[in-house]
Structures are given as C-alpha cells and as structure tokens.
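Student: I am new to this structure. Could you walk me through it?
Tutor: Gladly. Here it is.

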Amino acid sequence: MSFSSALAIAASGMRSQASRISHVSENIANTDTPGYRRKTVAFEPDRSPGATPGAVITGPVRLDRTALPQVYDPSHPLADETGHYAGSNVDMVVELADARQAQRSYEANLRVFDQVRQMSSSLGDLLRR
Amino acid sequence: MFDTLDVFGLAQARARHAAARQEEVARNVANADTPGYRARDIIAFEEAFRATGPRDRTPHLSLRTIDAGGPESPNGNTVSLEAEMVRAVDAQRDHNRALNVYRSAMNVLRTSLGR
C-alpha cells in the first residue's frame, strides 16, 4: 500500500534529521572541550531487512579529521611546556548552518507526512455516506 | 457513461497515480540530504493510462518511475525541496479531484437507485 510506505519513508526522514540535530547539539555543547573532535553523520539508504525501499537512515558516526587548533593559555591545566593546549575543532557557524538545514528538512518531511495523512483520511471518508 | 462504469475505474486509476506520486515525493524528501541520491518521479498520468487504454474493463496503470532531473548539488544529490513541495501539492489536488469525481458518480448511482 503506497500510503503506509509513504508515511514510513517520511518518518524515516524525520528520524534521521532528529539524529543529525542531536549530533549538532552535542558538538555545540562541546565547543570548549579540549581535544574534542566534531562528530558528523552521513545519510544513506536504509538496506536493513524489512525496511521500506527508499527509507533513509543515518550512517556511522564519523569524527571530523581537521587538525585541532592549538590554543595559547599557560594557566590551563592541560597546557604543555610552550603554554599551548589542543582545543576542539567545532566551528559554531558550521554547526548553526547544519542545525538550520536539519530543521528545514525535518519540516519538509513533516509536511509530506501530514499531506499523506490527509489524503488517506479523505480516501477513508468515501466509505461514509 | 454508466453502462460500464468507466468513470469509477478512471477515478480510481487517477487516485492511485496520485498516491504513488506522493510516495515518490516522500522518498525524495526523506533523501534530501543523502549523498548521491537522484530525485525520482512517476510518469505523467496520460502516459501511464494510455498504455492500457480506457476501454480496459479493469484499467491497469503502469506506474513507472523516472528520473525527475534537476540540478545536482556537490554531493551528487538532485532533490530540490521546493520542487518536491510543488509536486506534493499537485499530487494532493489530483487525489482530491479523483475522489470527488468518484463520490459524485456514486451519488448519481445512489440517486438513480432511489436511496
């Protein structure tokens, strides 16, 4: 039935966007954690058995391999003999843009979900006199 | 019009076409951020229905999917959320229209039966 699989696909999109934004919030919370590497997830087709064809899922979490910035702060407990320590490679602007994109995609999925629901309920209305 | 009840088959085919199209929209929107995903669409209704002909007693639709085209983003994805919204509204309108035709034909039948 095409309505139920359309609903399942839209739900898989919302689930993936939600998992993406949870990683974004994790990154933002750890902006000032020394040595923290930004986490990213890529989307890929859901190929698990029983999944609706075309559904989407988030792939394995990857760490951003950009070099960690060396922050100069001799009073920091982690500072080495030159007074530097490794900061995190989280870029706030990138994270905010990512969060906004996730929100936009989530809303698009939600709209599709709502529209499919409306279509299937108007189909059901045919049964009433 | 009512000797073979073609109108019901036609309305049903149109509604099924719209539902299948809406499913493709859902798939495209869900994959809007999947690298390498190509947006898809269903062939136009005229084309899908002409393949079998309206004289067929049980009209069978060929709901073939095609590449929807569109510009490709750097990660190889061709989904445009704006285009998908337009397509979704199109599908919904088609579906509603088909259901309304079905309902009004049903009302005519009911009236002729005196119920």
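Tutor: Start with chain B, which reads α-β-α-β-α along the sequence. That comes to three helices and two strands. Helices (H or I, at least four residues) and strands (E, at least two) are DSSP runs, numbered from the N terminus. This is a predicted model: local features need pLDDT of at least 70, side-chain atom pairs count only at pLDDT 80 or more, and totals for chains, interfaces and linings use all residues. Residues are numbered from 1 along each chain as its sequence is written, while chains are lettered from A and ligands numbered from 1 in the order in which they are written.

Student: What share of the residues in chain B is buried?
Tutor: A residue is buried if 20 or more other C-beta atoms lie within 10 Å of its own, exposed if 12 or fewer, and partly exposed in between; C-beta atoms are placed from the backbone. In chain B, 30% of the 115 residues are buried.

Student: Why does A:L96 count as exposed?
Tutor: A:L96 counts as exposed because it has 12 C-beta neighbours inside 10 Å. A:L96 sits in helix α2 (residues 92–125) of chain A.

Student: Which elements of chain B touch chain A?
Tutor: Two residues are in contact if their C-beta atoms, placed from the backbone, lie within 7 Å. The contact takes 22 residues from chain B and 25 from chain A. On the chain B side, α1 (6–30) and α3 (81–113) each give two or more residues. α1(B) gives the most, with nine residues.

Student: How do I read the span of α3(B)?
Tutor: The expected span of a helix is 1.5 Å times one less than its number of residues. α3(B) has 33 residues and reaches 48 Å from first C-alpha to last, close to the 48 Å expected.

Student: What do the buried residues of α3(B) pack against?
Tutor: They pack against α2 of chain A, together with α1 and β1 (40–42) of chain B. Among them are B:A88, B:H95 and B:L99.

Student: At what angle do α2(A) and α3(B) pack?
Tutor: Axes are lines fitted to C-alpha atoms, for helices over the stretch in contact, and angles run from 0 to 180 degrees between N-to-C directions. Here the angle is about 5°, with the axes 10 Å apart. That makes α2(A) roughly parallel to α3(B); angles under 35 degrees count as roughly parallel, over 145 as roughly antiparallel, 65 to 115 as roughly perpendicular and the rest as oblique.
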